[in-house]
Amino acid sequence: MNTAIPSPANMWLLYAILSAIFASATAVLIKVGVRDVDSNLATAIRTSVVLLLSWGIVWFSGAFAQIKAIPKFSWTFLILSGVATGLSWLCYFKALQLGDLSKVAPIDKLSVALTILFAIFFLGETVDLKTIIGASVILVGVGILIF
């Protein structure tokens with residue numbers, strides 16, 4: 001028996017962990033993608049669930065005129081952010097379908113600690129001791145809930 005593949009009864013754990021990874025990636029990708037883009041326009045591109053509301057805000061705020069000026073670099077990261085969001089939601093919903101909310105939701109919140117790590121390594125952000133302690137507490141708390 002291959003122990004690297006979770007049993008069907010524990011697949012919620014894999015989906016919850018994948019959800020956390022994709023949710024964390026979303027935050028980093030949108031941070032890069034919105035550098036030179038109106039945040040309402042970026043939200044419309046990234047969020048299909050609230051598509052009509054987002055594009056309505058863009059249209060009525062006058063930001064739609066900026067669409068031709070969005071750099072290809074920003075388009076790339078906004079689109080990647082949308083993909084990461086979709087993958088996160090798919091994994092989260094599947095994890096909730098298969099596992100207990102009281103275990104899935106905290107694991108999904110690993111995205112907070114992962115986002116801090118991604119921000120340090122991919123964006124060069126600096127963090128203070130309080131942030132490191134907070135992220136560590138999240139990791140310990142999730143570990144306690146899982147095991």
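I took contact to mean heavy atoms within 4.5 Å. On that basis I looked up the contacts in the protein chain with a separation of 6 or more, and residues 24 or more positions apart account for 74% of them. I note that this is a predicted model, in which local features need pLDDT of at least 70 and side-chain atom pairs count only at pLDDT 80 or more, while totals for chains, interfaces and linings use all residues. Residues are numbered from 1 along each chain as its sequence is written, and side-chain values use heavy atoms, with hydrogens and water left out.

Overall content. I found seven helices and zero strands in the protein chain, where helices (H or I, at least four residues) and strands (E, at least two) are DSSP runs numbered from the N terminus. Of the 147 residues, 29% count as buried, which I read as under 20% relative accessible area, with exposed as over 50% and partly exposed in between (1.4 Å probe, protein chains only).

H1 and H6. The axes of helix H1 (residues 11-33) and helix H6 (residues 110-123) come within 8 Å and cross at roughly 45 degrees; axes are lines fitted to C-alpha atoms, for helices over the stretch in contact, and angles run from 0 to 180 degrees between N-to-C directions. That makes H1 oblique to H6, since angles under 35 degrees count as roughly parallel, over 145 as roughly antiparallel, 65 to 115 as roughly perpendicular and the rest as oblique. Among the residues that meet are Ala20, Ala27 and Lys31 in H1, and Leu114, Phe118 and Phe122 in H6.

H6 and H7. I then turned to H6 and helix H7 (residues 129-146), which pack at an angle of about 140 degrees with their axes 9 Å apart, and this makes H6 oblique to H7 as well. The contact is made by Leu110, Val112, Ala113 and Ile116 of H6 together with Thr131, Ala135, Ile138, Leu139 and Val142 of H7.

Thr131. Thr131 and Ile116 lie 15 residues apart in sequence and 8.2 Å apart in space, C-alpha to C-alpha.

H5. Lastly I checked helix H5 (residues 101-108), where Val104, Ala105, Ile107 and Asp108 are buried. Seen down the axis of H5, its buried residues fall within an arc of 165 degrees, so they line one face of the helix; the arc is that of the directions from the helix axis to the C-beta atoms.
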